[in-house]
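User: Could you walk me through this structure, taking one topic at a time?

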Amino acid sequence: MECTINKVMGVVVVEPVGRLDFDSAKQFEDQLVAEIISAAVAGAGVAIDCSALGYVSSAGLRAFLVAARTAKSKATKLAVCGLSAGVQDVFEMSGFGRIITILSDRDAVLAEMGAS
Amino acid sequence: MQFVSDFWRESKLPESGAMIFEFALEEIFTNIMKYGLAPDSKSDVLVRLDLRLECVELMVSDAGQPFDPKAAITPDVHLDLDERTVGGLGLFMVQEMMDHFSYMRESGRNVVLMGKKISPDISK
């Protein structure tokens, strides 16, 4: 799975592209954790923009859980945005909607994180 | 997983429902691969997807260790971040997503059958 990383208005935007399944989840998890740790050092927030994410399995959910824990331990802001209807359903059913900040889109994240 | 999307397209089903079945198939299948079969096993896994009376049915059968997904631990989805685990979550979610879900041990095989009502998209 491809994953693009950009810094937009002081926020690190991670954008997974394609399918987050059993095969790709671990790699994504490692990449995400590394980005959160370096963002923490730089004092930046992290946004996971899921606009191009077509599918997420429970292995993929695990990556989000690990990311949320890492962000919490590093006192870094983390938000997820741009969920498709199907991915949103999976988030809600897993109860992750309550433990991870979910915002509508990238603009909402940038506004929320007070980027300038 | 290509198999699910091909079935979906051929049956002219609305795209939104496909993910539930991909999720379910991946969950059951990886569970069999991880726990059900001996490492050197040459056992087969049968997967069948059917559309009948606007209900999509998925059957997965394997000859591995007896395992009833309905008896798997039920995760507490209301816990805080620090207390959450992913163990058992996938199987729990599959059962929540489906309208019906059953398990049988039959002739030395695990047979999991599940289904959900999904109406074909008549605009296609």
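**The sheet of chain B**

Analyst: In chain B, four strands make up an open sheet in the order β1-β2-β4-β3, with antiparallel pairing. Strands here are DSSP runs of E with at least two residues, helices are runs of H or I with at least four residues, and both are numbered from the N terminus; two strands pair if DSSP finds at least two bridges between them. This is a predicted model, in which local features need pLDDT of at least 70, side-chain atom pairs count only at pLDDT 80 or more, and totals for chains, interfaces and linings use all residues. Residues are numbered from 1 along each chain as its sequence is written, while chains are lettered from A and ligands numbered from 1 in the order in which they are written.

User: Which strands are at the edges?

Analyst: The edge strands are β1 and β3 of chain B, each of which pairs on one side only. On average, neighbouring strands of this sheet are turned by 15° against each other, direction ignored, where axes are lines fitted to C-alpha atoms, for helices over the stretch in contact, and angles run from 0 to 180 degrees between N-to-C directions.

User: And which helix packs on the sheet?

Analyst: Helix α2 (residues 18-36) of chain B does, touching β1, β2 and β4 of chain B, and its direction makes about 10° with that of β2(B).

User: How many bridges join β1(B) and β2(B)?

Analyst: Eight bridges join β1(B) and β2(B) in the antiparallel sense, and Leu51(B) stands opposite Val56(B) in β2(B). β2(B) also pairs with β4 (residues 109-117) of chain B, antiparallel and over eight bridges, with Ser61(B) opposite Val111(B). Strand β3 (residues 100-106) of chain B and β4(B) pair in the antiparallel sense over seven bridges, and there His100(B) stands opposite Gly115(B).

User: What about the turn between β3(B) and β4(B), which residue has a positive phi there?

Analyst: That is Ser107(B), with phi near 45°, in a hairpin that has two residues between the strands. Most residues other than glycine have a negative phi. Glu54(B) also has a positive phi, near 60°, and sits in the loop between β1 (45-52) and β2 (55-62) of chain B.

User: Is Glu54(B) buried or exposed?

Analyst: Glu54(B) counts as exposed because it has 11 C-beta neighbours inside 10 Å; a residue is exposed with 12 or fewer other C-beta atoms within 10 Å of its own, buried with 20 or more, and partly exposed in between, with C-beta atoms placed from the backbone. In chain A, Met9(A) has a positive phi near 50° in the loop between β1 (2-8) and β2 (11-20), and is partly exposed, with 15 other C-beta atoms within 10 Å.

User: Switching to chain A, what does its secondary structure come to?

Analyst: Chain A has four helices and six strands, and from the N terminus on its elements run β-β-α-β-β-α-β-α-β-α. Of its 116 residues, 47% count as buried, and its C-alpha trace spans about 35 × 25 × 25 Å along its principal axes.

User: How many residues of chain A are in contact with chain B?

Analyst: 18 residues of chain A are in contact with 18 residues of chain B, a contact being two residues whose C-beta atoms, placed from the backbone, lie within 7 Å. On the side of chain A that touches chain B, the elements giving two or more residues are α2 (58-73) and α3 (85-94) of chain A, and α2(A) gives the largest share, seven residues.
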